[in-house]
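Good morning, and thank you for coming.

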Amino acid sequence: MQQLYQDSMALVRHFGKPSLFITFTANPKWAEIQDELLPGQTAIDRPDLVARVFNLKVRDLLDQLKHKQVFGPWRGWVWTIEYQKRGLPHLHLLLFLKTDVQFLTLVYIDRFISAEIPTEDDFIGQQLRTIIESTMVHTQCVGGNGNALCMKDLNPAVVTTCHKGYPRDILEETTVPENGYPLYRRRNTVRSFIIPVPGSRGTLTAVIDNRKVVPYSPYLSLRYNAHINVDVCGSVQAVKYIHKYIYKGGDRATVSVESEHDEIKRYLHGRYLGPTEAVWRLFEFDMHDEQPPVTHLSLHMPGQQAIYFAGHDDPDHIRDLIEGSITTLMAFFSYNAQHEDGRQFLYYEFPEHFV
Amino acid sequence: MVGQANIPVPTAFIEHRREWTAHKLGHMDLICSACHALHWQAERPQNRTRAKAGTFQACCKHGDVIVERMRALPEPLNTLMTGQDSQSRLFRQHIRRWNTLFAFTSISCNANARTGTTGQGLQLFQIHGAIYHQKGPLVPPGGRDALFSQIYLYNPVEAAQARYARAPTLDVTIIESLTRMLQQVCSYIQLYLTVRERFAQLSEQEPDLRIILNPELSLIVESGADMRRETLPTANEVALILPGEYGRGGFRDIVLAERVNGEVPDNGLTIINSNHASYLPLHYVLLFPYGEPGWHWARTLENQDGNRQNLRMSQRTFFRFRMHTRTDEPATLMRSQRLFQQLVVDAWAACDQNKLNWLRTNQAKLICTMVLLMYCNKAM
């Protein structure tokens, strides 16, 4: 996991900050899942269907981003699939675009990201409104529901506000602070709807308006009818946090420290495994990807490079291996000792120009 | 600027909203021409010749995976698994309890606290840490109540009573009818009875005695100080003898009954190896009531193209085959709700543990050594 994190930071070093941060969660109400359920079943009875449908949707989303270029010309991405302990799979994706300077500016953000309840001007607007109301509203903590996960504090005595910052403030215009996420436009409109307060067993209701909408892309929401959060990456500071977040790795539990260093045991004992993840792995669906690919450059002291050999290898063969071994670092030094044209590049920049 | 020069306005921009459409996969109505598994259009292979053949990779590797089909369930289990009446629905809702009641082996794992019926969100079978199947000795030691496989040695009426005693909240008439049904169809019951009979006979003469079910599913009696081996004739379906690939006696054997120095050791529960062909049927009795064997090392792949180097069928491939709904077999597994969740978690945990065991036993091959060269080497 640490290696993945370093790899994606290498992409950031190369490209600068990512353009968009997308989170895509499977929706158990998808028609494709509901249609295939056997009589009397719900989606949780069929982790096989959830995993297969989500995989197909993710593949379509990736195709849309890379080949259909729906947000503009594609440069690269990093993504991972995660299951949480809840079991619904979701995708975290950082997208690098070629057109940050042109598109990710105040003038354009409102054209592809929204944080408002859509208008019902036409058929598309009506469809979109239904989708947004059911998938893109932060409802957990409405009505001050103290049991909501987003309201929990480590210290149970502390009364907190929602960690995610909902309800947000009404805002007439989208603004982009120096360091941080953009604050999207949330105008004070009459558009609102009523939902029952979670945990109140239908006795209480709450009014939902623009202050409770999670930022979304109207295009992706309409296309996938699921919780898809799309955010502009505000600053490089935000990126580090996101990378940590997307690479926090397989679900783990706290484990006791034993004197014995047993990687296998540690892996087994710290593992959480739910049905969707089990199906995902049995079907060998992709777990993560980075493009462009990142290569690891080696780093070592003179004469201490790692070499690989089998225990039963002939000593002469091992000696040949040792003497013949050239690592990327050694090659870097030897090239620069002989040539002058590569000397202005740092080690990590070198392969881009000289491979 | 956007829309000017040579950068077209991207599709996700509001200007294009009239062209936006919803993504639809359609119905799962394509049938794999090799194994009859159901697929979506989008799962068709990219390769044109493959696509033309109408076969798929995920279900059966384009026809190279051949696994015996699930048989139709016997009654009354079939009605309970497929029926929409309240009794059947209730049965499926508590299917893990029902299965535990009939299982020959118990499952041991750290189920996540959230698997309980309280709390918000989805209710899932999740494990934390490793997963094991265990079995106890043939006869309950010293006056304890019979558990799991031990109950099968009773006659049907006693067996149903013993089960009812363990789960008084479950419907006693269903317990009775399922017990009767399993006595008729389940080949493992006959096998256990054979073992008990043989064990009783030999106990008189032999102080050291062991009866095992080896991974090829043949019953073997090891007796005497030199552990002479004798294969028991088993005239039932369990003994579809698999080709022997294993050495004599091994860690994968399931020890059914044992006697050391004239005593029956009270060794409590023993762990069943997940590579044993009986791993699945001994626990998931309600899904495999006939005792259909699960995955084992001797399963092989077909080689239609002649390109395969390795003809072993992996555990993962086997489970993936089982995880598809087909037009030519009942969707027994997919109907079993929480038990299905348990099965897929168990399946992947077994694959994963297998892989880890390989790593554990092959450390010597994997050790990579950092080499210190005392003198500056030539490459620099």
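Predicted model: local features only at pLDDT ≥ 70, side-chain atom pairs only at ≥ 80, totals over all residues.

B:His36 sits in the loop between β1 (30-31) and β2 (38-39) of chain B; strands here are DSSP runs of E with at least two residues, helices are runs of H or I with at least four, and both are numbered from the N terminus. The phi of B:His36 is near 65°, a positive value in a residue other than glycine. Is B:His36 buried or partly exposed? With 16 C-beta neighbours inside 10 Å, B:His36 counts as partly exposed. A residue is called buried if 20 or more other C-beta atoms lie within 10 Å of its own, exposed if 12 or fewer, and partly exposed in between, with C-beta atoms placed from the backbone.

Residues are numbered from 1 along each chain as its sequence is written, and chains are lettered from A and ligands numbered from 1 in the order in which they are written.

A:Gln69 belongs to the loop between α3 (47-66) and β2 (74-82) of chain A. It has 17 C-beta neighbours inside 10 Å and therefore counts as partly exposed.

Returning to chain B, where is B:Pro76 found? B:Pro76 is in the loop between α2 (57-60) and α3 (77-82) of chain B. A cis peptide bond joins B:Glu75 to B:Pro76, with omega about 5°.

I turn now to helix packing. Two packed helices are described by the angle between their axes and the distance between the axes. In chain A, the axes of α3(A) and helix α10 (residues 275-282) come within 8 Å and cross at roughly 60°; axes are lines fitted to C-alpha atoms, for helices over the stretch in contact, and angles run from 0 to 180 degrees between N-to-C directions. That angle makes α3(A) oblique to α10(A), since angles under 35 degrees count as roughly parallel, over 145 as roughly antiparallel, 65 to 115 as roughly perpendicular and the rest as oblique. The residues of this contact between α3(A) and α10(A) divide into 6 nonpolar, 1 polar and 1 charged. For these classes, Ala, Val, Leu, Ile, Met, Phe, Trp, Tyr, Cys and Pro are nonpolar, Asp, Glu, Lys and Arg are charged, and the others, Gly among them, are polar. On the α3(A) side the contact includes A:Pro47 and A:Val50, and on the α10(A) side A:Val279 and A:Trp280; contact requires C-beta atoms, placed from the backbone, within 7 Å.

The largest nonpolar core has 131 residues, and A:Leu95, B:Val285, B:Val344, B:Ala347 and B:Trp348 touch the most other members. Such a core is a set of buried Ala, Val, Leu, Ile, Met, Phe, Trp, Tyr and Cys residues joined through C-beta atoms within 7 Å. Helix α11 (residues 338-361) of chain B contributes the largest share of this core, 10 residues. Leaving aside residues up to four places away in sequence, B:Ala347 touches A:Ala278, A:Leu282 and B:Phe319.

Conventions: Contact = placed C-beta atoms within 7 Å.
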